[in-house]
Each structure stands twice: as structure tokens, then as C-alpha cells.
Amino acid sequence: MLVQSQNKPEQQKILIVNDFFARNLRYRTDIQLWQQKDYWATPLETLGKGLGDCEDYAIAKYISLRALGVDDNKLRLIYVKAQIGGPRSNRTQAHMVLGYFVTPNAQPLILDSLITKVLPAAKRTDLSPVFSFNSQGLWANNSTKSVANPTARLSRWRRILEQTQREGVMW
Amino acid sequence: MAFFSLFKRNRKSSITLRQELWLAILVVILVGFISSLLISTYSAKNYFSSQLYLKNVDNANNLALMISQLEKDPVSLELLISATFDTGHYQRIELQDPTGEVIAKRVFSGDFDTSTPDWFHHLYHLDVAPGVSQVNDGWSQFGTVFLESHSQYTEQALWQSAVRLFFSFLLVAIVACIASSYFLSRILRPLDDVVYQASELGNKRFIKSKVPHTYEFARLVSSMNQLSSRFSQIIKEDKKRLEEFRFKSQHDELTGLANREYFSATLEAQLKQSEDHAHGALFLFRVMNLDQISERLGRVEMVDFLRRFTKTLILFLEENEDRFSENHIARMSHTDFTVLLTDIDDLKLLSERILQLHKTLVSEYQGVDLAVPHSCTFIESKDTRFTLLKRVDNLLKVASSEQTTQAELTDNKNKSELFDNPDSWREAIEQALDNDDLDIMLYPVTSFNGKLLHNQLTLSLLLNGELYRHGYYYHWAKRLKLLSRLDWGIIKYLVRVFDEREDLKLISVELSEETLLDDSALAAILTYLLAFPDLAKHICFDIKESIAVAELKIFRDFCGQVNSMGAKVALKRVGSAFTKLDKLQELGLEMIKVDSIYGHNISYSQDNQTFLRGVCSMAHSIGIKVIAEGVNNPDDLTMLQSLGFDGVVSQPTDETVEQDN
């Protein structure tokens, strides 16, 4: 999948990656899957199981897109508050999605695990963003070598990035 | 303590083992000190850096999260960032919009702490990456937060910890130094013994030392001890062999007395030494009809008689030993015996006494026509061995003409002496000493290749207005017990003129028996020399072999004392007793001067050649030089050189002192 999409426009890469994970992964909560309340799995772990929860989807998609050469500035992992069970439902759930910003100031396209379509953020009224992050500052400019020393891996996000790298996925 | 003697340079300005070990220890301690200091401070620096970075990241994330939740009007943003910056410890907080434009920025400027030195700041600058975090406004990106903590706090802490580490490591290093100095001194203590032994070996003293515990030292010391004992063994064997040989070559087998050859040499030497002022006398005894004993009573009886006769002579000499200073007995032929006495006054009395003894002895052999006539005469100033023996022989012919035990003597006492009574002699010698009316004569001791080994000194005295050589007044001084005063006089004279005279740089001075046996006289000379180390280093004391053998313990102590102050010891008139010197190798002798008895006419004496060759090789094996006394004949000199002698004592170069006659 990654090899095929190497030379495609970025918009297509987004769709292909989203499709790929939507088809190949089934949703399963961390407690069911990893016997931990909240476990961040690397893409290989996720694909290996064929199962994952929202952040596993988001991480896998993020790393795949980075591997396809999408700029880090255009990608954000976004913590969102998701309204589940229709527009009038009061049930909300902590959720994570991947946002793709075509330009820095534009509305992002949202790659979600709850639905298979890639929609602009404006269309996703069920989601309200809370906080976004990417790997900026974690890596030195244009290099994939970590500037952080080993203790910095205590952060889960950093751990996942480094572990992914150790597993052989490079971007 | 070893630590303080560390920089004490030794004499040859080469580095000692102790210094080398110290150098090694110091290098190890220094390397340990510096590396532990560097490692500690660098690991502290790394730890601080990583902690600071984590703080940057965490605080950036918190701030970004907070801003994401807030309304994003410029005033609120300014306030939030200002509040965070002002209440925290930050170098920089910056908020940029997605295009990189600055929305709000706070930067710390100025120094608040100057206690950290610049070099340290330069060396340990903390290069901590800023914490970066994203801010979103709804779905859209709002900006990026850059946050840097102030690193000067950390640098200060790092500096303080470095200073603390420095002092604690310094303390550890000092403790290590003290501990090493203790262990080093313990380890090296046996080394001092080893070095002492080695240098004593170098000084020809083959001593043994205690075997230390350290394995290498123990091996070294035991090999050196082995070397010492092997040398002792070799020397002991050599001496034994030499002694046997010498005795055989010089003595009559039957009676154990000196033989004719040996006695002739002795007499010759005696005549030479007395330098025209002989004070001796010669006895010649003849046993008449000796063969009748073996014919009538048997050979065993004859041998028995000869032994009794010899014993009688020896006992006679022992009983009268206060009437002369030296005696030499010899069996000249089958029936003839001689006795040479030196410094004798009353010849007639001695002659009568021995005659009486012989009459008694002869009376026990009634069946045989035994008779022991004898003759005796004083040695005259112009006597040679030949004239003396001829005179005494002629006298004996008269005495033996009647075949009875009787004596014939010439009371030819030397009348040409300066004074004729002891008191005048005493007065004159003491006066010369008191008034410093003295001079020295130099007998150069040179090696065969012409190198001056030293000058042998004798003291000349101004007696009655004229300067007299040592040989002239010597026997009087000896009789009057003035020898130690003369020794003291020469030392005092030397100290006085030592600096002025170039020819006194290498000298030897004879110390008399009187001085050596007199504790206070010897101590006076040695203490005096201690005050003049320059002289002490150049002086060599000559001691007569006979004294050294008779007073071995005193001589041994003397050698130790003299060697310790840098002076040397030589044996003089070396001959028969040389092999009796026990532990010769421990004495540290510089040279031996072989008596002229041996050197004289050496070309003709095969036995003496063998003996002297043995003496030379033994002496050389322990580094002692061998010098011949009183040999002038070129043939003899060539022979001595081929036997292994190192040199000879020559006649005085200083001929300004003329002999009075």
C-alpha cells in the first residue's frame, strides 16, 4: 500500500491510507485487546493484531502518512470529544483522530476510526477538538534522529515513535 | 616519612626507585582524580540537561493545552504567557502562528548570578532543546508554543556540585597519598637493606643481610647472600691453600721454624728498613755432634732433641720479650739456628741466659758429646746480610773451637747515635712534636702503568737542629711509647698543610699499634678527621698486618669506622699472617702492601712466586690492590707485575731531607 501510493498526490494518499486501515482493522478497546486501560500500540502491533482502538488507528495513519512523505506541519493528532449515538445523544467519549491541514490556516480533513470517510472538520459536528499535537520539536529539523535523551521516552507519544522506528518503519 | 624525602635528590642526581614509584602513584591518583571529577560533572551535566529538557517539553505541553482551551484574544494570551514567564524559571516563552509569525514572546535578559566562573560556563554550557507544543483553535491550527527554561540555575547547581566533588575527590586523593606513602615505606624498607648490602659488596665487604618477606626482594637478597657466602668460601679455601703452601715453603719441616731462605729475606728486609740505623742483634747457635744422637740413640731421639732445643729457644724468647721488640728464629741448616732480635740493648745478659739454658739441656744427654755453642753480635750501621752473617759465623768458629757449650759475642753497640740515653731522646722527640718541628716524606705508590695511587707518608723530625728521617728515631719512639703521639702529630700536620699542597691529595699514613690499641688516641684522630671530610676522603690508613691479625676485633671495628667516613684502609708488611685474617672480604680493604721479605729477590724464589700469585688472585677477587714494598730490582719488578701485582712503593721523591750520618 505504501509503495503503491508513493508518487500519488497527497490528497489521494490520505484517502488510500484511511481506506487501508478502515478495511484492515477492526475496532477493539485496549482493555479487550491489551488488558490495559489505555495502551498505545505501534502500527506493526496494530496490523499484527488486525485490531485497534481510536489512537491506534490515528497513530498508524499518522506514521503511514509520514512514511509517505507528508509534512509533519500538515498533520496533527487531535484529542476530541466525540458525541456518540446521533446528534442528540448526550453520550460523549474521549476519542483521537488524525487531522490533515492542506494549508496551516485551513480547516483540516479528519481521518477517523469511527467512520470510514474522510470529511472536512466542519462536517464533523459530532467531534469537538480539545488538544492537538504532532512530533514537532521531538525531532531535529528534517532529521529523524531524536534530540531527546532516553529519559524523554517516558512520554507515551515519544515511546511509540521510537518503538515504531526500532521496529523498522522509517519516514 | 617517605613523602617528604620524595624530592630529596640523591647524590648522582639520578631518579631513585622510591621517586619512580611515587611518580607512578601520583600519576595514578591524578588520573583517577581528574577522570572521576570529569565523569561526575559530565554525567551531572547530562542528567541536568535531560531533566531540563523534560521540563521544557512538559511545560510547553501544559501551556499549549491551556491556550487551546482559552479564548484567544491577544490580551489574554499576553497575560497568560507573561504570568507563566514571570512566575516560572524560563529563558524564553514564544508563541508563533502556523506561518512562523510571533504572536507573543518573552525572553529573559541579564545575569542574575555571577558566582559561576566564565570558563566553567563555557565548558559546561547546557544546550537544552526547547519544548515545542501545538495550540489549536477549534479545528484550525492556532500556533506553536516554544518554551525554554533558564539554564543558569542549573549551571550554578552544577558548579556548586563540581566544587563539592573537587574537594571531596581531593580529600580522597590526599588520603590515598598518605596510605600509599605508608605502604611504600613498608614495601621499600627491605630495599634499603638490599642497597646497603649491594654497596657494601661494591666496597669489597661481603656481608649477609636478613631475607625480607617480599618475594622479589627475598630472592634478590638470598642470591646476594649466596654470592657473599660463596666469596667467603672461596677466600677461605684460597687462604687455607696459601697458608699451607707458604708454611711449607718457608719453614723447616722438622722444627716448624723458618728456613734459611725465608730468614735471609727477613734479615735483608730488616737491614733495609732500619735504614743504616739498625738496633738489632743476631745470634747463631750450632748443635755440635747432633748426628751422634741418631747414631747412638736413634733417629727419633734426634728429632726429639731438636724439638726440645727449639722449644727452649722459643721459651727463652718469650721470657725475655720485654728486652727486644721483634724476634725471628730460623733453622739455617741441619745444625745451625739463628735468632734475630730487634731493638735490643743488653746483648750480654741475653747471651748468658740462653747459654745457661743450653748447658742444662745438653747435660741431659750424657752419652753423647753434645754441645751448643753460640755467637752473637749487634747489627752495625754499615752491615749487609753478607758481612753480618760472616761476622757472626767467624765468632761462632771461635766459640765452637773447644767443642763445649760456650758463647762468643762482640759488644759492638752503635755509638754513633744522636743521644745515648732514653731521656734525651724523649725530650728531643717531644720537643720536636710540641714545636711542630717536623716535615713529611713522600714515598709514591705507583701502579705499573705509571699512575700514582697515593703517596705514603712518613714523618721527619727536627732533632737537635737537624731533620731526621722516620727510620732514624723510630725505634726510640717505639721504645719510649711515643708512637701514638707521632701519629697524632702527622695527622695534625696534614690538616694544617692539606689545602696548600697539591701532592697530598692521595696519601697513606701508617697508624702504629700503640694508636690502634689506645681507644682515646684513635678516637681523637678519627674525630679530628670527621671535622675535615676533605682530608678524610683522601687518606688511606696503613696498618701493619701483624697488628691486624693480633687485634682482629679492634682492627675490624677500625675498618668499619674508617670506611664509614670515606677513608680507606690498607694493610702493610703483608706476608705470613695475611691468610690468618678472618673474614677478609668484610673488611673493605683498599690495598695490601706485601712485605719486602716476599718481594725481594722474587725472581729467584719459585715458592714465593707461587705464594704471591695466590695472594694477588685472592686479593683481586675481592677488589683489593696488591702493592710490593721495598723492591727496586728491575727483574723483580717485572716478575711482580707478571704475578699480578698492581704497583710498587718507590723511594721518596723528596730528596730535600738529607740523611745525617
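A residue counts as buried when its relative accessible area is under 20%, as exposed when that value is over 50%, and as partly exposed in between. The exercises below concern a predicted model.

**Exercise 1.** Determine whether the salt-bridge partners Lys544(B) and Glu510(B) are buried or exposed.

*Solution.*
Step 1. Lys544(B) pairs with Glu510(B) in a salt bridge whose closest N and O atoms are 3.5 Å apart.
Step 2. The partners come from distant parts of the chain: Lys544(B) belongs to strand β14 and Glu510(B) to strand β13, 34 residues apart.
Step 3. Both Lys544(B) and Glu510(B) are buried.

**Exercise 2.** Classify Lys553(B) and Asp557(B) by accessibility, and state how they are placed in helix α19 of chain B.

*Solution.*
Step 1. A salt bridge joins Lys553(B) to Asp557(B), with the closest N and O atoms 3.3 Å apart.
Step 2. Because the two residues lie four apart in helix α19, about one helical turn separates Lys553(B) from Asp557(B).
Step 3. The relative accessible area of Lys553(B) is 61%, so Lys553(B) is exposed. For Asp557(B) the value is 41%, so this residue is partly exposed.

**Exercise 3.** Describe the side of chain B that touches chain A, and state how many salt bridges are counted between the two chains.

*Solution.*
Step 1. In chain B, 22 residues are in contact with 30 residues of chain A.
Step 2. Between the chains, the count of salt bridges is zero, while four residue pairs are in polar contact.
Step 3. Helix α2(B) gives the most to this side of chain B, namely nine residues.
Step 4. By type, the residues of this side comprise ten nonpolar, twelve polar and no charged.

Methods: Residues are numbered from 1 along each chain as its sequence is written. Chains are lettered from A and ligands numbered from 1 in the order in which they are written. This is a predicted model: local features need pLDDT of at least 70, side-chain atom pairs count only at pLDDT 80 or more; totals for chains, interfaces and linings use all residues. Side-chain values use heavy atoms; hydrogens and water are left out. Contact means heavy atoms within 4.5 Å. A salt bridge is a side-chain nitrogen of Lys or Arg within 4 Å of a carboxyl oxygen of Asp or Glu. A polar contact is a pair of N or O atoms within 3.5 Å; within protein, one must be able to donate a hydrogen and the other to accept it, and residues adjacent in sequence count only if both atoms are side-chain atoms. Ala, Val, Leu, Ile, Met, Phe, Trp, Tyr, Cys and Pro count as nonpolar, Asp, Glu, Lys and Arg as charged, and the others, Gly among them, as polar. Buried means under 20% relative accessible area, exposed over 50%, partly exposed in between (1.4 Å probe, protein chains only).
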